[in-house]
Amino acid sequence: MNVCIIGAGYVGLTTAAVLAKLGHTVHCVDENEQKIAALKRGDVPIYEPGLAELFTDHQSRLFFHHKQIHVEADVIFICVGTPADSKGKPDVSYVNRAIADLTPHINEKQTLVIKSTVPIGTNERIYNHFKNEGKHIHVVSNPEFLREGSAIFDSLYPDRIVIGLREDDDRSLSIMQALYAGIHAPYIVTSLSGAEMIKYAANAFLATKISFINEMARLCEAYGVDVVDVAKGIGLDGRIGPHFLQAGIGYGGSCFPKDVTALQQMAYEQNVRPYMLEATKTINDTQLNWYVQKIKRTLGHMSKKRIAVLGIAFKPNTDDIRESPAVSLIKKLHAHGANVIAHDPKAVLHNVDVKQANTLEEAIAQADALIVATDWDEYKQLNWAYVKQMMSGNVVIDGRNCLPREAIMNAGLNYVGVGRG
Ligand code: NAD
Ligand code: UGA
């Protein structure tokens, strides 16, 4: 099929690469001229494992356009951002602009797929917008569940494919199945609003699991219990599951924070008090401060202490720093007078008056304390005897409960985790 993707970000580019791999011809459109220029040169503007390779392998089927919509497409995807506005509500202005750009060109033979995470009712509103323009457009809600850092894998092997349709739309499901032929996953077919709600509920539930274990970490700390054992002990119960039970400095990224808040705001609009979402957000909003207090208790005063913070990205295997707890931690330590030196294998620190080391050795050398803020594999695999030699101090703070505690202690270093007694 001939596909047009509007919005060449993490979701748009991953979708483009995967659809090209499946044999479709894909035209990516973005309003960011520099991004499109880079893509045309063969440079992938984000770090996502496997993405650049797919772009190279399937370049004959991938095209990039600045603003100009590919009007002949069979299927048009909207993958633009939906960030939070100043009140925490989803800002759908990018979606609205994309729809306005499409309006003069789109025709009834085409299928319009909304992949951006949009507030409940948006797909129906888009359908009605075109109807008022005299066009009965096949609008499909097909929310995305990929995780940054494993986006290609998640897209090729998804747990499910959610398709939201209008009741009278018999055609679009077979189009979507043909588009995704080659990807084996159960289909959940529901209404347009049902699909929108599934997306928010999934993110809210995952965020809630993280906040739950972070609250347990605080309790474990108080009782001298190891939250890692607790996570294992409850996670092996099939009804609970082992995933998203890693306590740490809180969840970040471009989605959980904004989607939890968005769902909360939607609940208020419907006069439904979202007690659970409020708690999830409150725990997350206070987790970092709770942990900084612990760092202060461990280090005493921080003034002029050289602290190596390993990790800048909001999670490993990405260069994305949107809502990164690691960046918030760096800022807080800096504000406490610490001499922070940051490191990340891919992400770059912006607008913070803190040095970023080029190498891990440079970050660790002479550090009074080392804090892991993002659980990159290369931090987990450090040679701790060598780290001990390089550091001035002997404190290793594991803000992600991802490091080998025994090995660190055997190297003569003090280990401090999150809720580990
Ligand atoms: P992003 O910010 O990385 O990319 C969005 C792109 O859209 C940008 O390149 C921007 O220039 C472009 N754009 C904005 N308005 C445009 C317009 N009118 N015309 C053309 N281009 C336009 O965003 P993202 O992280 O890919 O997220 C996109 C959507 O997918 C969001 O709704 C997000 O909530 C959802 N989502 C994201 C992820 C993720 O892991 N990042 C996962 C699932 C769902
Ligand atoms: C998340 C969801 O996992 C995806 O399914 C969804 O598509 C996406 O949001 C989205 O809607 O954008 P992502 O934000 O890329 O994906 O990354 P996650 O792996 O979910 O991690 C989010 C945050 O939670 C990170 O800061 C991570 O460090 C933190 N986290 C994750 C924990 O603190 N503990 C855990 O056990 C798991």
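Predicted model: local features only at pLDDT ≥ 70, side-chain atom pairs only at ≥ 80, totals over all residues.
Residues are numbered from 1 along each chain as its sequence is written, chains are lettered from A and ligands numbered from 1 in the order in which they are written, and side-chain values use heavy atoms, without hydrogens and water.

Student: Which residue has a polar side-chain atom 2.8 Å from a nitrogen atom of ligand 1?

Tutor: A polar contact is a pair of N or O atoms within 3.5 Å; within protein, one must be able to donate a hydrogen and the other to accept it, and residues adjacent in sequence count only if both atoms are side-chain atoms. Tyr10 uses a polar backbone atom, 3.0 Å from an oxygen atom of ligand 1, and Arg322 a polar side-chain atom, 3.1 Å from an oxygen atom of the ligand. The residue with a polar side-chain atom 2.8 Å from a nitrogen atom is Glu148.

Student: How much of the accessible area of ligand 1 does the protein cover?

Tutor: Accessible areas come from the Shrake-Rupley method with a 1.4 Å probe; for residues, only the protein chains shown count as cover. On its own, ligand 1 has 840 Å² of accessible area.

Student: Which element gives the most to the shell around ligand 1?

Tutor: Helices (H or I, at least four residues) and strands (E, at least two) are DSSP runs, numbered from the N terminus. The elements giving two or more residues to this shell are α1 (10–21) and α4 (93–102). With three residues, the one that gives the most is α4.

Student: Which side-chain contact does ligand 2 make through an oxygen atom?

Tutor: The backbone contacts of ligand 2 include Phe145, with an N or O atom 2.8 Å from a ligand oxygen, and Leu245, with a polar atom 3.3 Å from a ligand oxygen. An N or O atom in a side chain also lies 2.8 Å from an oxygen atom of ligand 2, and that side chain belongs to Lys315.

Student: Which helix gives the largest share of the shell around ligand 2?

Tutor: Taken alone, ligand 2 exposes 700 Å², and the protein buries 89% of that. The largest share of its shell is four residues, and they come from helix α8 (residues 192–223).

Student: Is Ala279 buried, partly exposed or exposed?

Tutor: Ala279 lies in helix α11 (residues 275–299). Its relative accessibility is 35%, so Ala279 counts as partly exposed.

Student: What is the phi of Phe244?

Tutor: Phe244 lies in the loop between α9 and α10 (256–269). Phe244 is not a glycine, yet its phi is positive, at about 60 degrees.

Student: What relative accessible area does Asn351 have?

Tutor: Asn351 sits in the loop between β10 (339–343) and β11 (355–356). Its phi is positive, near 50 degrees, in a residue other than glycine. Asn351 is exposed, with a relative accessible area of 82%.

Technical notes:
Buried < 20%, exposed > 50% of the residue type's maximum accessible area, 1.4 Å probe, protein only.
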